[in-house]
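This report covers a predicted model.

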Amino acid sequence: MPNDPLNAFVPYGRTEVAGAADGPLAGLRFAVKDLFHIAGLPTGAGNPDWLRTHEVPQETAPAVQRLLDAGARVAGKTLTDELAWSLAGENAHYGTPENPKAPGRIPGGSSSGSAAAVAGGAVDFAIGTDTGGSVRLPASYCGLYGIRPTHGAVPLDGSVPLAPSFDTVGWFAWEAALLRRVGAVLLPPAPNLTFRRLLVAEDAFTVAGEAVRSALTPALERLRERFGVADAVTLAPEGLDQWRPVFQTLQAAEAWAAHGAWITATKPSFGPGVRDRFAAAATLDPALARAAAQTREGIRRRMDELLGADGLIVLPSAPGIAPLRGSSGAAVDAERGRALAILCPAGLAGLPQVSIPAARLQSCPLGLSLIGPRGSDSALLAIAEDLFA
């Protein structure tokens with residue numbers, strides 16, 4: 001197996017797959033999160049028991065195939081948290097990928113290997129999935145550009161699900177122009193859109209705290225100069241801490257619906273955190289999920305009304321810098337809760353969000369995020385390149 005100092009690639013083979021001879025991504029190498037199927041290669045989903053009990057795929061996921069057809073070359077499949085249900089990137093079976101931009105700290109999950117591969121220069125770009133923040137958070141922690149697209153904009157066929165009404169195909173790049181080039185291949189055609197209103201999500205900045213706000217102020221000022229004015233808004237009048245459990249309840253219900261039968265039959269070995277979340281999901285009261293689904297519709301309307309057709313919400317990508325590797329379970333859970341409070345609005349509403357490596361705090365990367373209206377993915381990528389390249 002080729003040298004992998006980043007521990008970014010799966011241990012059961014780093015196999016390269018050639019793309020088309022030419023195309024808009026010709027000459028570029030990319031990594032694929034080990035949730036996506038590639039014909040002839042196993043999909044392990046971050047868990048040895050999943051790897052053992054599933055056949056080797058015979059077809060390649062459409063998102064991966066689009067990139068191959070555009071001339072890019074697969075450099076290998078990357079490590080993921082187990083069944084993608086984590087935000088830390090610390091896999092109990094395969095270890096933790098390195099964070100080259102913040103040594104000694106976690107890369108963030110569940111697209112941890114994909115983020116590490118890009119941040120460490122092993123590939124030009126990488127694809128992952130974002131359900132609750134698994135592209136946006138690692139992008140912030142590792143100093144990368146990353147996007148969670150509009151839900152359903154990029155096909156997820158040929159991949160292992162977690163919570164289908166939240167799951168998206170996301171991608172990382174080391175520069176904004178490349179993030180946009182990849183988007184031109186993956187995203188559907190969309191009409192031109194001009195953002196005219198800048199909305200600063202004050203409640204999200206409050207969750208992150210003053211140190212994060214101060215670090216991100218220069219980037220905020222750049223946006224204010226572009227728009228001329230910025231309106232302070234509250235995303236969640238009832239509090240982001242009330243939106244987070246709505247997301248968590250629905251995610252748990254969908255995760256058990258997707259994997260409960262396999263877990264019951266196989267009794268797989270899960271690491272801490274993932275094991276606890278699946279155990280809780282197994283006993284979730286369906287009435288709670290039904291109530292959360294109703295609340296979600298109100299959240300979706302709230303976000304759509306704020307954005308209208310031309311609004312741009314700005315908020316932190318994360319509540320802080322990447323935590324230290326090996327932090328206590330309580331500390332990890334607390335940071336996960338704060339992160340989900342910031343990350344859940346776009347997921348609950350199915351909206352696109354781009355994370356930009358906008359600052360450093362304590363010598364570690366820190367991301368600033370932009371959320372746009374449904375279908376504004378290409379416009380988000382354009383403004384990220386225009387303002388922050």
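## Helix α5 and its cover

Helix α5 spans residues 176-186. Its buried residues are A176, L178, L179, V182, G183, V185 and L186. An α-helix has 3.6 residues a turn, so residues three or four places apart point the same way.

Both helices and strands cover the buried residues of α5. The helices include α2 (62-69) and α12 (377-388). Among the strands are β3 (125-130), β4 (145-148), β5 (168-173) and β9 (353-361).

## Nonpolar cores

The largest nonpolar core holds 100 residues. Within this core, V64, F125 and W171 touch the most other members. Helix α11 (residues 329-349) gives the most to the core: nine residues.

What does V64 touch, not counting residues up to four places away in sequence? Its partners are F30, V32, F36, I38, V74 and I127. Another core lies apart from the largest one. This other core has 18 residues, including L6, A75, A115 and A116. In soluble globular proteins, nonpolar side chains tend to be buried together.

## R302 on helix α10

R302 sits in helix α10, which runs over residues 286-307. Is R302 buried, partly exposed or exposed? R302 counts as partly exposed because its relative accessibility is 25%, and that class lies between under 20% for buried and over 50% for exposed.

Neighbours within four places in sequence aside, R302 is in contact with T234, L235, P237 and W243. R302 and A61 are 241 residues apart in sequence. Their C-alpha atoms are 34 Å apart in space.

Methods. Residues numbered from 1 in each chain as written. Predicted model: local features only at pLDDT ≥ 70, side-chain atom pairs only at ≥ 80, totals over all residues. Heavy atoms only, no water. Buried < 20%, exposed > 50% of the residue type's maximum accessible area, 1.4 Å probe, protein only. Helix = DSSP H or I, 4+ residues; strand = E, 2+ residues; numbered from the N terminus. Contact = heavy atoms within 4.5 Å. Core = buried A, V, L, I, M, F, W, Y, C linked by side-chain atoms within 4.5 Å.
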